[in-house]
Amino acid sequence: MLENFMTAILTLSPQNILLICGGVIIGLVFGAIPGLSTTMAVALFLPITFAMEMEPSISILMGLYIGGFSGGLISAILLNIPGTAASLMTCMDGHPMARRGEAGKALGLGIFSSFLGGAISIVALILIAPMLANIALKFGSFEYFSLTFLHSALSLPCRLRI
């Protein structure tokens, strides 16, 4: 697991850090505008990344993804319109704070919480992903069938209610 951290740290060049920061800023804009989604931002920038090397292209797409989900809280707090589906619950706490004149505090708390959750998730992904990949490589036809059946069985009641 320590070698995964070392590999991740060694791929962080100044160019990759700038691409991550640029991706986060553009992602914040996409997330803050209702109707523009994180998925749309990644899809629009995907053709640009085809000509790039692997690390810079993943860096910019990762920045877009993280910034897009974090940007959804801006419109959720200020306009009571979630920019992304992940910001839906932010409307319930953030917008009343903005109405009381505490919009800066709500935005600061939201961005800090988003940063902290993202940092913890990245560390967990670096630690857990290799183990999950080893388990997934051992999947056979029975496991694939079970996953497909379970997914279909769990989504069936949702389809029947609509």
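Guide: Helices (H or I, at least four residues) and strands (E, at least two) are DSSP runs, numbered from the N terminus. With that naming, Asn-80 sits in the loop between H4 and H5. This is a predicted model, so local features need pLDDT of at least 70 and side-chain atom pairs count only at pLDDT 80 or more, while totals for chains, interfaces and linings use all residues. Residues are numbered from 1 along each chain as its sequence is written, and side-chain values use heavy atoms, with hydrogens and water left out.

Visitor: What is the phi of Asn-80?

Guide: Here's the background: most residues other than glycine have a negative phi. Asn-80 has a positive phi of about 60 degrees, although it is not a glycine. As for exposure, buried means under 20% relative accessible area, exposed over 50%, and partly exposed in between (1.4 Å probe, protein chains only). Asn-80 has a relative accessible area of 38%, so it is partly exposed.

Visitor: Is Ser-87 buried or exposed?

Guide: Ser-87 lies in the loop between H4 and helix H5 (90-99), and it counts as buried because its relative accessibility is 3%. Thr-84, also in the loop between H4 and H5, counts as buried at 8%.

Visitor: Which residues do Thr-84 and Ser-87 meet through polar contacts?

Guide: A polar contact is a pair of N or O atoms within 3.5 Å; within protein, one must be able to donate a hydrogen and the other to accept it, and residues adjacent in sequence count only if both atoms are side-chain atoms. The side chains of Thr-84 and Ser-87 make one at 2.9 Å. A polar side-chain atom of Ser-87 also lies 3.3 Å from the backbone oxygen of Gly-72. For plain contacts (heavy atoms within 4.5 Å), leave aside neighbours up to four places away in sequence: Ser-87 then touches Phe-69, Gly-72, Leu-73, Ala-76 and Pro-82. Leaving aside neighbours within four places, Thr-84 is in contact with Gly-31, Thr-38, Gly-68, Phe-69 and Gly-72.

Visitor: Which residues of H3 are buried?

Guide: In an α-helix there are 3.6 residues a turn, so residues three or four places apart point the same way. In H3 (residues 38-49), the buried ones are Thr-38, Ala-41, Phe-45 and Thr-49. Seen down the axis, they fall within an arc of 70 degrees (taken from the directions from the helix axis to the C-beta atoms), so they line one face of H3. The face turned away from that side carries the exposed Thr-39 and Pro-47. Helix H2 (14-32) and helix H4 (54-79) are among the elements covering the buried residues.

Visitor: Which residues make up the largest nonpolar core?

Guide: A nonpolar core is a set of buried Ala, Val, Leu, Ile, Met, Phe, Trp, Tyr and Cys residues joined through side-chain atoms within 4.5 Å. The largest has seven: Leu-19, Phe-30, Ala-41, Phe-45, Ile-60, Leu-61 and Leu-64.

Visitor: How many salt bridges does a search of the whole structure find?

Guide: Side chains of opposite charge can pair when their charged atoms come close. The cut-off is a side-chain nitrogen of Lys or Arg within 4 Å of a carboxyl oxygen of Asp or Glu. The search finds one salt bridge; Arg-100 and Glu-102 form a salt bridge at 3.2 Å, N to O. Arg-100 counts as exposed at 58%, and Glu-102 as partly exposed at 30%.
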